[in-house]
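Keep the structure open beside you as you read.

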Amino acid sequence: MSNTHNPESPWLFSRLFNPWRCSSNKNSRLLVTEVIEKFIQVEVKKNVRRRKRKPEDHKRFLNAIEAIICDLSHNHLSDQRSGIAISRSNRVLSRTSRYKNEVLNKTIPYLLDVLELPELQMLEQVVGCINYFYPEKNGNLRTVVKAGKHLVHLIQKYHVELEDLGLSDGEETIILKREKNDLWDHGGTLEYEDNDLTNLYRDEMSIINQWIRNADLNYMVPFHEKDKHNYDLDCRLLKRYFTRGSFKSGGRLFGGFWQQMKKGHRENLLIDGDDIEGLDYSQMSPKILYGYCGLGPELEDCYLIEGYENYRKGIKKVFNAMTFSNEPMTRFPKGINSLFPVKTRFKDVSDAIEKEHFRIAHMFYTGIGHYLQFMESQILVEVLLKLIDNGITALPVHDAVFVGWTHVYKSTQVMEQVFLDMTNVPSVVKVE
């Protein structure tokens with residue numbers, strides 16, 4: 001077990017361990033079974049465990065080995081040299097949480113150490129790695145693991161491929177995050193008690209996830225891009241992330257593999273054998289805000305402001321910033337001033353927006369943007385459910401959905417009707 005790491009190592013960019021990874025067919029099950037048999041043989045031979053496991057402990061042991069081996073295999077088959085980050089901290093592993101898989105328990109360090117033994121060589125591990133993407137709290141460092149040479153041999157022996165690795169049920173899909181303390185704060189999760197509302201949200205996500213899980217999704221790799229992109233098409237579980245400790249804030253859906261794709265790559269997706277088209281709500285936030293105030297927008301395009309007609313993108317960002325801020329702003333948010341001519345003053349832009357939208361100007365700088373985002377997510381969830389009722393598979397990305405081209409017309413009708421029903425304001429749905 002190594003305790004040092006190279007500051008230039010790609011392991012610094014490792015992803016987090018996925019404890020929900022499991023075998024999904026005969027090939028991967030045979031691999032896991034052989035690893036477990038060899039693990040137990042080594043325990044007996046080296047006398048590293050003297051007591052027989054209780055039935056419940058034995059079940060957790062089997063699940064933990066399966067998750068570790070399957071996620072290591074997934075990492076190897078995905079050609080991710082950076083490995084998998086996992087905590088060995090007893091404080092972390094002993095913590096109870098609705099978001100935590102029981103696989104993550106105090107036996108993890110023991111399992112990792114045995115799997116690394118020369119008799120097994122199922123993994124390699126580096127203890128105390130700095131992780132660029134997922135820094136652990138209080139200065140603690142995670143361990144990074146990757147497939148050992150004997151596991152690589154077994155992957156080849158049983159012809160295991162990415163399609164042979166699945167995800168087990170039970171992962172929490174309703175995530176409540178606390179308010180961020182500053183720009184660099186990722187906003188940790190909060191525990192909560194279930195009620196009728198959270199149960200409703202979870203039931204809705206169950207319907208959506210079940211439908212997408214069974215959908216016919218494929219990725220057609222252009223010849224010139226062969227072997228460049230290896231997307232995990234089984235990564236389909238969507239979760240709703242609520243923010244600021246409130247189930248009326250945020251609520252957007254994240255988790256689908258298609259959401260991580262670049263626009264150019266996403267165009268190669270097929271749904272039920274059809275090329276996909278993106279359907280996007282135009283001016284969603286201002287229209288929701290007008291509906292919230294019991295009004296209808298007078299402008300055909302809420303982001304076309306007099307004097308700034310050529311700077312729509314910048315106006316959109318400033319408008320949204322004015323709704324998210326809890327107090328009057330005096331300067332452009334970072335990076336937005338570049339969307340306007342040099343020496344443009346923020347006050348001039350904000351005054352122009354308030355003048356055009358004087359009927360809702362009292363809602364600026366009240367933090368209403370978080371609620372508007374929640375309403376966006378409510379509308380998208382309802383759209384997905386209505387499309388399912390119509391037998392249509394849709395893949396959400398924030399305030400847009402992607403559907404097969406044969407369903408564009410019907411999907412547009414559904415999106416427009418849902419928006420009208422939930423806001424009392426007509427919408428504009430554009431084909432991307």
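Once you set aside its neighbours within four places in sequence, tyrosine 281 is in contact with Ile379, Leu380, Val383, Asp399, Met415, Glu416, Phe419, Ser427, Val428 and Val429. Bear in mind that what you're looking at is a predicted model.

Tyrosine 281 and phenylalanine 419 make a tilted aromatic pair, with 5.2 Å centre to centre and 40 degrees between the planes. Tyrosine 281 belongs to strand E12 (residues 274–282) and phenylalanine 419 to helix H12 (residues 408–423), so the pair ties together parts that are 138 residues apart in sequence. Both tyrosine 281 and phenylalanine 419 are buried.

The largest nonpolar core has 76 residues, and Ile208, Tyr281, Val318 and Ile353 are the ones that touch the most other members. Which helix gives the most to this core? That's helix H11 (residues 368–389), with twelve residues. There is also a second, separate core of 36 residues, with Leu31, Met122, Val152 and Tyr158 among its members.

The structure holds 18 aromatic pairs. Phenylalanine 257 and tryptophan 258 form an edge-to-face one, at 5.3 Å centre to centre and 80 degrees between the planes. Both phenylalanine 257 and tryptophan 258 are buried. Elsewhere, ring pairs link Tyr192, Tyr201, Phe242, Phe247, Tyr292, Tyr371 and Phe374 into a cluster. Two tyrosines of that cluster also have an arginine over the ring: arginine 98 lies over the face of tyrosine 192, at 3.8 Å from the ring centre, and arginine 240 lies over the face of tyrosine 201, at 4.9 Å from the ring centre.

Arginine 240 leads us to a sheet, where isoleucine 174 stands opposite this arginine in E9. The sheet is open, with three strands in the order E7-E9-E10 and mixed pairing. Its edge strands are E7 (174–176) and E10 (250–254), each pairing on one side only. On average, neighbouring strands here are turned by 25 degrees against each other, direction ignored. E7 and E9 (residues 239–242) pair in the parallel sense, over three bridges. Helix H6 (residues 196–213) packs on the sheet and touches E7, E9 and E10, its direction making about 145 degrees with that of E9. H11 packs on the sheet too, touching E9 and E10, and its direction makes about 45 degrees with that of E10.

Another strand pairing is worth a stop. E3 (residues 84–86) and E5 run antiparallel, joined by three bridges, and alanine 85 has valine 144 as its bridge partner in E5. Strand E5 (residues 142–147) is mostly covered, as five of its six residues are buried.

Finally, compare two positions. Proline 328, by contrast, has 64% relative accessibility and so counts as exposed. You'll find proline 328 in the loop between helix H9 (312–324) and helix H10 (346–356). From proline 328 to phenylalanine 364 is 36 residues in sequence and 8.1 Å in space, C-alpha to C-alpha.

Note on methods: Residues are numbered from 1 along each chain as its sequence is written. This is a predicted model: local features need pLDDT of at least 70, side-chain atom pairs count only at pLDDT 80 or more; totals for chains, interfaces and linings use all residues. Side-chain values use heavy atoms; hydrogens and water are left out. Buried means under 20% relative accessible area, exposed over 50%, partly exposed in between (1.4 Å probe, protein chains only). Helices (H or I, at least four residues) and strands (E, at least two) are DSSP runs, numbered from the N terminus. Two strands pair if DSSP finds at least two bridges between them. Rings of Phe, Tyr and Trp (its six-membered ring) pair if their centres lie within 6.5 Å; planes under 30 degrees apart count as stacked, over 60 as edge-to-face and the rest as tilted. A charge sits over a ring if NZ of Lys or CZ of Arg is within 6 Å of the ring centre and within 35 degrees of the ring normal. A nonpolar core is a set of buried Ala, Val, Leu, Ile, Met, Phe, Trp, Tyr and Cys residues joined through side-chain atoms within 4.5 Å. Contact means heavy atoms within 4.5 Å. Axes are lines fitted to C-alpha atoms, for helices over the stretch in contact, and angles run from 0 to 180 degrees between N-to-C directions.
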